Amino acid sequence: MATVQPLSANVIQNAIRDAGDIGYTIIPNFVDDKSIGELRQLCDQLFVPLELRGTPDPVTGYTGKNLQKFSRGFDDIWTNPDLVKIINGIMGNEPPWSVRILDIGIKRIKPGQNGGRMHRDGQIYPLRVPGRPIVANSLLALDPFTGDVGATTIVPGSHLWDKPVDPSHETIPVEMAPGSILIFGGELWHCNGPNITEDRVRTALNMAYCSSWVQPINGPFSGIPSEVVATLPQAVRDLL
């Protein structure tokens, strides 16, 4: 069971405000050190090799997808009520609308891996609602995020653009310590940077959410049989 830091109402409000103003927010020490070690071990058991073809420079690394179906070890994090409040705030949701879990994955950038392609997470759906992203994402750092290990790079303010990003546009790396979490709406242009080290990896737990009125990419209940869903805690059922 992960130990997640409870957030004050002020921290939650500031996080939602920052995400609206500049496109993202960072909350340090969201998960404690002991939990980070346990989560890293769980990720080691679950990740699989990845090779993304069809690009000038094929991306190789490790990943894990739809982990909400295959493991209950992350439930305390992605169902955390404070995180869900921030996600709902970024999306502009008000009752009865809320969010569903879109996907939980492992992002591991290995030494020598090239940077990713600039993208918006919300582009998986052929729909844009100005000022109300229908996807929001979060990255929990399990290793240090620094520029040389492939930290997520972002274009601040680009969530407000009505145009694609220029691939040569200046970006900034998101640097944070293990246990910190990056949260942003699905309209922010971003990608992972290259890992130019020889012996360090960059691992993150990727928890993405979508509005409750769209179909999650993994289907109803993320493919978990209904009889199993019925046995899960209410907070998990609500987000499935």
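**Salt bridges and exposure in a predicted model**

Student: Why is Arg17 called partly exposed?

Tutor: Relative accessible area under 20% counts as buried and over 50% as exposed, with partly exposed in between (1.4 Å probe, protein chains only), and Arg17 has 45% relative accessibility, so Arg17 is partly exposed. Please keep in mind that this is a predicted model, in which local features need pLDDT of at least 70, side-chain atom pairs count only at pLDDT 80 or more, and totals for chains, interfaces and linings use all residues. Residues are numbered from 1 along each chain as its sequence is written, and side-chain values use heavy atoms, with hydrogens and water left out.

Student: What makes the contact of Arg108 and Asp44 a salt bridge?

Tutor: A salt bridge is a side-chain nitrogen of Lys or Arg within 4 Å of a carboxyl oxygen of Asp or Glu, and the side chains of Arg108 and Asp44 meet at 2.8 Å, N to O. This pair links distant parts of the chain, since Arg108 lies in strand 4 (residues 99-109) and Asp44 in helix 2 (residues 33-46), 64 residues apart; helices (H or I, at least four residues) and strands (E, at least two) are DSSP runs, numbered from the N terminus.

Student: How do you know whether Asp162 is buried or exposed?

Tutor: The relative accessible area of Asp162 is 73%, so Asp162 is exposed.
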